[in-house]
Amino acid sequence: MKEIRVAIVGAAGWMGQAHTMGYRIQPVVFGTEPAVPVLQTVVDVDEGVARDLASRYEARQSGTDWQAAIADPDVDLVDICLPNNMHYEVALAAIEAGKHVYCEKPLTMTAAESKTLADAADARGVVTMIGHNFPRNPAHGIARGFIQRGEIGRVVHFRASMHVDFLADPDIPFMWRCDREEAGTGAVGDIASHIFSLVQYLIGDIESLVADMEIVTTSRPVLEGFNYGAQQKVADDAPRRDVTTDDIVTLLCRFAGGGMGTIDVSRVATGQKHAQNYELYGTKGALRFNYDHVNRIQVYRVGDPPSEQGFKSIDASPEHGRYGAFYPVANFGLGYNEYKAIEIRELMEAVASGKPAWPTFRDGWKIMQIVDACVESSRTRRWVDVLDF
């Protein structure tokens, strides 16, 4: 049995925990071939936290130094679950050390940094992957199949949105995602990048766009250590800090293969805990998806008899992708952590074979080109070409 020994850098946060669960269930759900991940090292800035994580995660060791984890000859794969401004430095060091790299999105702070990482990974011959796990939902695989088989015809229009409300209340405290120096961007990089990955998976590249971005709440009260997971307020007289990342982005775009799109995302959508939707219209049919019915795709075919025309629901089932590894019956609640496990399964196969699996760092560069294009378009109030970034 081949082992792939993993160092998780930034293991204590939400993504670190999600990745750990994904690794731990691999042999249970998918078996031991072609390789099994083993947690070699977990890294956190707090030594006590790191030791506790190692115990709970059954990791072989723990530490506070990400550079030492990368230098460890027993580490095959470096898993990066850090704030955005650290992705580039840690990923580049790992690549130069000959390690495979798995990094949460967005890949870097800029498209230029992403291209540097992609070029370095190609030169070194290491496997890379980005944590854009929503497309691993087998329901999107159903949609992709319809598109690739030509059953929807030529794509005419794609309309998508992703709305959350974790910063809708103006008195929710400041977090690192509100700081341009740590996060790079707000809604466009943190949230819209999920939609951009779905565009890449289903349709292909975005060629040009015009975007508008806005900071809705310009300052927030300060509460040390605040992050996801608590709707916590502070005293009215608490000090405040300026928000420097966007809360909302809306854009129009043109696809390289033809067709156009409209996309809007928000992290201040009051009442929307997690709303992710898309509609895709083609010359022969249409597709639509609603995250509230996360295991379901609806399809419309122009060729159906007039008396039978209408959207029909197809539920993800054991016949679709890797769904059957989890459940023997359809529409049985496959969700976010399962998609992460599927993503890690594909990563394990890629590392074991030495062959790339989407999305690589080069795919991530293309997504970051879209992010940078949105920022530039909003700044200059004009259409921009994505390939310029």
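Visitor: Which residue just after α6 takes a positive phi, and of about how many degrees?

Guide: The residue is Gly125, which has a positive phi of about 75 degrees just after α6. The model is predicted, with local features requiring pLDDT of at least 70 and side-chain atom pairs counted only at pLDDT 80 or more, while totals for chains, interfaces and linings use all residues. Residues are numbered from 1 along each chain as its sequence is written, and side-chain values use heavy atoms, with hydrogens and water left out.

Helices (H or I, at least four residues) and strands (E, at least two) are DSSP runs numbered from the N terminus. Helix α6 covers residues 111–124. Its 14 residues reach 20 Å from first to last C-alpha, close to the 20 Å expected at 1.5 Å a residue; the expected span is 1.5 Å times one less than the number of residues.

Buried here means under 20% relative accessible area and exposed over 50%, with partly exposed in between (1.4 Å probe, protein chains only). In α6, Ala111, Ser114, Leu117, Ala118 and Ala121 are buried. Viewed down the axis of α6, these buried residues fall within an arc of 120 degrees, so they line one face of the helix; the arc is that of the directions from the helix axis to the C-beta atoms. An α-helix has 3.6 residues a turn, so residues three or four places apart point the same way. Ala112 and Ala123, on the other side of α6, are exposed.

The cover over the buried residues of α6 includes α5, β6 (128–131) and α12 (361–380). Axes are lines fitted to C-alpha atoms, for helices over the stretch in contact, and angles run from 0 to 180 degrees between N-to-C directions. The axes of α5 (residues 84–96) and α6 come within 9 Å and cross at roughly 10 degrees. That crossing makes α5 roughly parallel to α6 (under 35 degrees; over 145 is roughly antiparallel, 65 to 115 roughly perpendicular and the rest oblique). Contact (heavy atoms within 4.5 Å) involves Tyr88, Ala91, Leu92, Ile95 and Glu96 of α5, together with Glu113, Thr116, Leu117, Ala120, Ala121 and Arg124 of α6.

With α12, the axis of α6 comes within 8 Å and crosses at roughly 170 degrees, which makes α6 roughly antiparallel to α12. Among the α6 residues that meet α12 are Ala111, Ser114, Leu117 and Ala118; the α12 residues include Phe361, Trp365 and Met368.
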